[in-house]
Amino acid sequence: VIGPFYGLVDALFIFRGELHVAFTAVQTVPHTIAHVGYARLAEVAPSTWHVEESFLPQYDRRQAWEKNWGFFESQGQLWAIYDAEKHTVLSINGHHAKLAYEHQGPTIPGNFGSIRGGASPQFWRGDFYSFVHFRRPPKNYSGGLYTFDAQPPFAPTGYLPYPLLNPDPAHCTHPFAANVVYPCGAALYDWRWVVSYGAYDKDSRLAAYDINELNKQIRKHRR
């Protein structure tokens, strides 16, 4: 519980050498509204973490229900992908958020569904890798990937021309679970992208992708 809200953890990220967590804070009084927040964590004992400071950045063009901001660091500043389809980038300073850059989009051409945020973007060799999810009605989610330049204005540089993760009903462990898979976190380990993802509104799972094989499939954006 965070003040008058209850919070749902979304993703971890590093900012200025310290571990942070992004979360969705749902306010129910006087009416239901969802905020995106983040908190700085400190390890107070082995594998025991404490919230040192938390923030709810206010953005003047926000919606009533906010989710899936992708926080990342560049040039010592905190930024967030606000809209993964248009690649809208906000600059973040504590409780304040303002529009920094907005590109035309879509970040991933194709007919895979609307593009929503997912894992916090991860830096590798001059680009950030943004693992996102597609949403198709009524409730079908799959995972995708696009890349963007590590320097402002963070222009999109490439995209995977097919869904990276697809739901498979045969792997669903709950008969009434939704047909969804969506990336939550990503890390580069042993030349592989290791992606954590939610599956079928029931499980948390991991998938690994060879980084060189994945890069061969990425198509470049036209500038």
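Start by selecting Arg40, which is partly exposed in this predicted model, with a relative accessible area of 21%. Arg40 sits in strand β3 (residues 33-45) and Glu18 in strand β2 (residues 18-27), so their pairing ties together parts that lie 22 residues apart in sequence. Glu18 is also partly exposed, at 33% relative accessibility.

Next, select Arg61 and Glu102. They form a salt bridge as well, with their closest N and O atoms 3.7 Å apart. Arg61 belongs to the loop between β4 (48-55) and β5 (70-74), while Glu102 is in strand β8 (residues 96-102), so this pair ties together parts 41 residues apart in sequence. Color them by accessibility if you like: Arg61 counts as partly exposed at 46%, and Glu102 is partly exposed at 39%.

For a pair within one helix, go to α1 and select Lys216 and Glu213. What separates them along the helix? They are three residues apart, or about one helical turn. Their closest N and O atoms are 3.2 Å apart in a salt bridge. Lys216 counts as exposed, at 59% relative accessibility, whereas Glu213 is partly exposed at 42%. Across the whole structure, a search finds six salt bridges.

In soluble globular proteins, nonpolar side chains tend to be buried together. Which members of the largest nonpolar core touch the most other members? Select Tyr129, Phe131, Leu145, Trp193, Tyr209 and Leu214 to see them; the core has 20 residues. At least two core residues come from each of β11 (127-136), β14 (179-189), β15 (192-199), β16 (203-210) and α1 (211-217). The largest share, four residues, comes from β15.

Center the view on Trp193 and show what surrounds this side chain. Leaving aside residues up to four places away in sequence, Trp193 touches Gln122, Trp124, Tyr129, Phe131, Ala187, Leu188, Ala207, Ala208, Tyr209, Ile211 and Leu214.

For the last stop, select Ala84, Val89, Phe134 and Ala150. These are among the 16 residues of a second, separate core.

Methods. Residues numbered from 1 in each chain as written. Predicted model: local features only at pLDDT ≥ 70, side-chain atom pairs only at ≥ 80, totals over all residues. Heavy atoms only, no water. Core = buried A, V, L, I, M, F, W, Y, C linked by side-chain atoms within 4.5 Å. Buried < 20%, exposed > 50% of the residue type's maximum accessible area, 1.4 Å probe, protein only. Contact = heavy atoms within 4.5 Å. Salt bridge = Lys/Arg side-chain N within 4 Å of Asp/Glu carboxyl O.
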